[in-house]
Amino acid sequence: MDAIEERKVYRLVLTGGPCGGKTTGQSRLCTFFENLGWKVFRVPETATILLSGGIKFADLVAEEVYKFQENLLRTMIQIENTYFELGRTSNKNCLIICDRGFMDASAYISKEKWDRMMRSNNWNPVELRDNRYNQIIHMVSAANGAEQFYATEEHSCRSEGVTLARELDYKAASAWIGHPYFDVIDNSTDFENKVNRMIECVCQKLGIDIGDRLSITSRKVKFLVSGPMPPDTAFPAFQDFEVVHHYLQCAGPRVQARLRKRGQNGRWSYIHTIRRPQQHGQSIEVRTQLSHRDYLNMLTQQDDAHFTIYKKRRCFLVNNQYFQMDIYKDPSHPRCKGLILLETYTSLTGDKLKAILPKFLNIVKEVTGQPDYSMFNLSLREDWNNTKKFCYSLHGKNTCCHRTADSTTTNTNTTSTTTPTIATATATTDTGVDKADEAIGAATE
């Protein structure tokens, strides 16, 4: 009898200094593992929960600060234990992402008070540091190596200047020194690759083979697929998701905001994404996990110039390469009728890229970087030849302008025997997906 693979429960702490990318990183990591078929729990940051209730440190005397920190740790342990217990009873592999962990509190209290707190509560800091969590990842603050991107205005509980942020970053990292699996993700690359390095680091510790999908040389490639779809039996093991996108009203033409609802078996997750033009050579994209209530509230800002996009998203592995396949569904603009797009991330080109493509799909051509296949443009209600909203690039001088009449999208729902044309261009437009998610064939947008 074949051995049954042991189910995994992996407890990860995602910590870091102010403006280090924790929030976006957590969202991307969550989607990455969900698309692998894992169950993912996200333990909220205890300090944010308590501070959002009106507590101000400036109003507290020393003993009140001490008791607050002590109660924060008691609360954190109980909240984490709730998720850990759910992980143990899950029938799937389970990733539990803790937004900061026990030892982070030691960065905000003197050693004398910390030792007193440990003794009075019979807490063993070595046990809680080294054995409570499987891995610690520290996301270095933008204040240390990426100062031009450091900001506080988008975080209600953040007010640190650059100098203080650097100090807090060092203290937060130092608190975890000694953990057997402690990794620091610095700002030596752009933010996109910083997040990818973080995800790759988790996968390495878990022994998950991701090939070159998160390497710096890896690029996104997108292909147009022609129907009819092969039967499910033609596919390797896959995960299907229902995905709904809503574009939101924005203050300016060079900013894009959208909501994404993604579900499987009646369980939904919600993401809010804001995309801005390049700053210092990088695209700025902020992703935030939402509650169902917040999602419904933000839906009131829906942009009537765009259709709601409905898709079925299929994620699968072929030739050690993860793919996502988006099948557009009604109601939609006629240009989306029968549209099927296949995407992945790889460093391969030419014949080597052709060789890894799924042979059971009718792949018509590569459409990487073509604005006709941007989700933003596909969702526009107006005809492309008549609208001023068509987006050729989020970063160009003429971001939104009239589209030439001879540029048309070819969507076909008939069988094609066309040999796919493999382009070598690496340009990208607003595709509504991000690199880490596509790396496993299931983007978040």
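This is a predicted model: local features need pLDDT of at least 70, side-chain atom pairs count only at pLDDT 80 or more; totals for chains, interfaces and linings use all residues.
Ground rules: local features need pLDDT of at least 70, side-chain atom pairs count only at pLDDT 80 or more, and totals for chains, interfaces and linings use all residues. I number residues from 1 along each chain as its sequence is written, and side-chain values use heavy atoms, without hydrogens and water.

Entry, whole chain. I looked up the secondary structure and found 11 helices and 14 strands (DSSP runs, H or I of at least four residues for helices, E of at least two for strands, numbered from the N terminus). Of 445 residues, 51% are buried (under 20% relative accessible area, 1.4 Å probe, protein chains only).

Entry, helix α1. I checked residues 22–35, which form α1 with 14 residues. Its first and last C-alpha lie 20 Å apart, close to the expected 20 Å (1.5 Å times one less than the number of residues). Since 13 of its 14 residues are buried, α1 is largely enclosed by the rest of the structure. Gly37 follows α1 and has a positive phi, near 95°.

Entry, second largest pocket. I noted 17 lining residues, with Glu34, Lys39, Gln264, Arg267 and Trp268 nearest the centre (1 Å grid, 1.4 Å probe; an open set with protein on both sides within 12 Å along at least five of seven lines; lining residues have an atom within 4 Å of a point). Two or more lining residues come from each of β2 (39–43), β8 (256–264) and β9 (267–279). The largest share, four residues, is from β2.

Note on methods:
Buried means under 20% relative accessible area, exposed over 50%, partly exposed in between (1.4 Å probe, protein chains only).
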